[in-house]
Amino acid sequence: MSTLKGDLLRKELDIARFGDLLQHFPIRHVDKTKIEQIGSLTHHNEYAQVAGIVRSMEIIGEKRGRRLVVTLRDKTGEIELVWFQGISWMQKALQVGKAFLVFGRLGFFMGKPQIAHPEMELYTAQKPEGKNYLEPVYPTTEKLKAKGISGRAFSKFTYALLQLLSEKDLPENLPESLIKKYKFISHFEAFRQIHFPASEKHYQHALRRLKFEELFFAQLRMALIKSRRHRSSVGLVFEQVGSLFNDFYKHYLPFKLTEAQKRVLKEIRMDTGSGRQMNRLLQGDVGSGKTIVALMMMLLAGDNQFQSVIMAPTEILAQQHYNNITELLKDMPVCVKLLTGSSVSKTRKAVLKSCEDGTLNILVGTHAVLEENVKFKNLGFAVVDEQHKFGVEQRAKLWKKNAIPPHILVMTATPIPRTLALTAYGDLDYSVIDELPPGRKPIHTLHRNESARPQVMGFIKGELQKGRQAYIVYPLIEESSTLDYENLMKGYEEVKSFFPEPATWISMVHGKQKADQKDTNMQRFVTGDTQIMVSTTVIEVGVNVPNASVMLIESAEKFGLSQLHQLRGRVGRGAEKSFCILLTGPKISNDARERLKIMVATNDGFKIAEKDLEIRGPGDIEGTRQSGLLNFRLASIVEDKAMLEAARETVEQILETDAELELAENLRVKQYLQQQKGKTAWSKIS
Ligand code: ADP
Ligand code: MG
């Protein structure tokens, strides 16, 4: 291959080594012996493979519409082949009067069959040699095709490469017992059969084997990171339960902890007493009460003369944590301070000083707490709220805030299905609050069309008259889009005209406001001075106003499932029955309709997360995207869930008896891991 093409391959498909080429798997196979008659092609054929003679070639159209149109004829009819790119290259490769075998996605234009950018090769009426008629079809890109690297070219490279390789080059990487147990074909054979299968059955065997490998090695890698960390890390020890924790528990805790909260507290306390550093992910649905767990651990840290920090993704949320915590601790000897990007320099200086001299016990803040000049005397416990809003590097900075890294608790209200959590966060310890505090009433969710707006507004008015409060949320697709803000402002005016009484006054919060403006508006809604909160999704995380009983989501079709669920979680926090109304325009896609149906059907964040995973696939689940952990080539954590679990169990069994993979039968596993090192960017989650 020329270096030019090599560069293009690397850029387009990240293929740089022979190993990468072998990992460029076919999307399907076509039976080369099956050539269809052009005259009998119908709309039912998604793909077509035909053979015929080129009758004419013509370039038509101008500029962007310029295209090469070729007519191909067999005994039964004619088909049109079209190229928009690589025109001159194709023109040279084709010739009127010559026979070609043609494959591609079939379309119809004015009733005539047509294939755009088909794969072409010279046709000889002889059958291909050997018994192998299943020809692989590889994904490629338009740019590569334009340079002659079509799907068929991949097939040729890969075939040639496999001819050169033997078992020695692709040695077995799974223990013998495992291969026997699952009746796997060998690693080498799997690669041959996935590209050039002898039959459909052979292909399925290869697929099963290679999917298992992917899932097994991904999880093994994570499990090794975790177990090595467990064995080697040195952590601060919270030895004693002292008066801060005990007094709070006995006198100031405003409610009884749920069983789930107690269990999680126990899990965290085990970690923080173990002498190794904790690195724990705490999951819990919106409103499940994660904050109080974090607060009690910060008090325990205080009992052991350590400082704590809690970091939230927005100023509003940080402020709210601060208000909440200072209120809960107002009669206790605990120094709590707030630090955000908008803290004025005088306050900031005082806060920094108290962090450094140790007079501060708990620092609440935004990512401002990560800054270089925020130094602690002895930071022992760090909490990251809504962890998916933070980047990996940001979280990693927390580790460096103390000579011995503090214990880290990352909290997330975006429930991640168990299978996903175990895979993506396999190197973290994992706790879940799977129970809501008692007395929560399920939120009644309705989907209404734009045409029902007057009734919806009438309903909200009724709720407001009962003394309740309401949220009205507008989508914000891009932080900078002026159109979105225009919609918000229009909405605000509309809301004002619907609710003219001065008693039901309105707050508005959005990302373009100054922090103090946001705060004032927010604060007025929290204290009940305003009854309606008009906002963008800045309201999404964490805000807590128990008297609010209605959440109206405008253009609900534009939101993702987990976002809708987060928004809905702003209501249903008090004793009143709460409502979430999803208002949509007249035209919505099938996917959007599916999302809304799920929202109406369930309040359970974990169920919603499962569905979200099914609809969107794991690549899009918030917080996992940047980790890149779930982009398997063959396996799917949705469809291959059973195999994922099996692989996980296998990993556990192996590491239980052989934590460092030193037994003879596991050596090949270890060697394979080492050889693969550096090929995948395994980033740390926290
Ligand atoms: P999230 O997990 O979404 O961060 P919060 O910690 O904000 O939830 O808690 C939501 C609300 O539930 C808060 O008002 C909190 O005081 C309350 N809460 C937490 N735990 C309990 C409990 N065990 N019993 C009653 N209310 C609770
Ligand atoms: Mg929260």
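The protein's secondary structure comes to 23 helices and 21 strands. Both are DSSP runs, numbered from the N terminus: helices are H or I with at least four residues, strands are E with at least two. This is a predicted model, in which local features need pLDDT of at least 70, side-chain atom pairs count only at pLDDT 80 or more, and totals for chains, interfaces and linings use all residues. Residues are numbered from 1 along each chain as its sequence is written, and side-chain values use heavy atoms, with hydrogens and water left out.

Start with the whole chain. The protein has 686 residues, and 52% of them count as buried. Buried means under 20% relative accessible area, exposed means over 50%, and partly exposed lies in between (1.4 Å probe, protein chains only). The protein exposes about 32,600 Å², and carbon and sulfur atoms supply 52% of that area. Areas come from the Shrake-Rupley method with a 1.4 Å probe; for residues, only the protein chains shown count as cover. Now take the contacts, meaning heavy atoms within 4.5 Å. Among contacts with a separation of 6 or more, 74% join residues 24 or more positions apart.

Next, look at a helix pair. Two packed helices are described by the angle between their axes and the distance between the axes. Helix 12 (residues 315-328) packs against helix 18 (residues 515-527) at about 55°, with the axes 10 Å apart. Axes are lines fitted to C-alpha atoms, for helices over the stretch in contact, and angles run from 0 to 180 degrees between N-to-C directions. Helix 12 and helix 18 are therefore oblique to each other. Angles under 35 degrees count as roughly parallel, over 145 as roughly antiparallel, 65 to 115 as roughly perpendicular, and the rest as oblique.

Which residues meet? Helix 12 brings Glu315, Ile316, Gln319 and Asn323; helix 18 brings Ala515, Lys518, Asp519, Met522 and Gln523. By class, this contact has three nonpolar, three polar and three charged residues.

Now turn to two single residues. Arg263 lies in helix 10 (residues 259-272). Arg263 counts as partly exposed because its relative accessibility is 33%. Beyond its neighbours within four places in sequence, Arg263 contacts Val432 and Asp434. Val432 is 169 residues away from Arg263 along the chain, yet their C-alpha atoms are separated by 9.1 Å.

Gln193 sits in helix 7 (residues 187-195). Is Gln193 buried or exposed? At 6% relative accessibility, Gln193 counts as buried. Leaving aside neighbours within four places in sequence, Gln193 touches Ala198, His202, Tyr203 and Ala206.

How values were computed
Chains lettered and ligands numbered in written order. Nonpolar A, V, L, I, M, F, W, Y, C, P; charged D, E, K, R; others polar.
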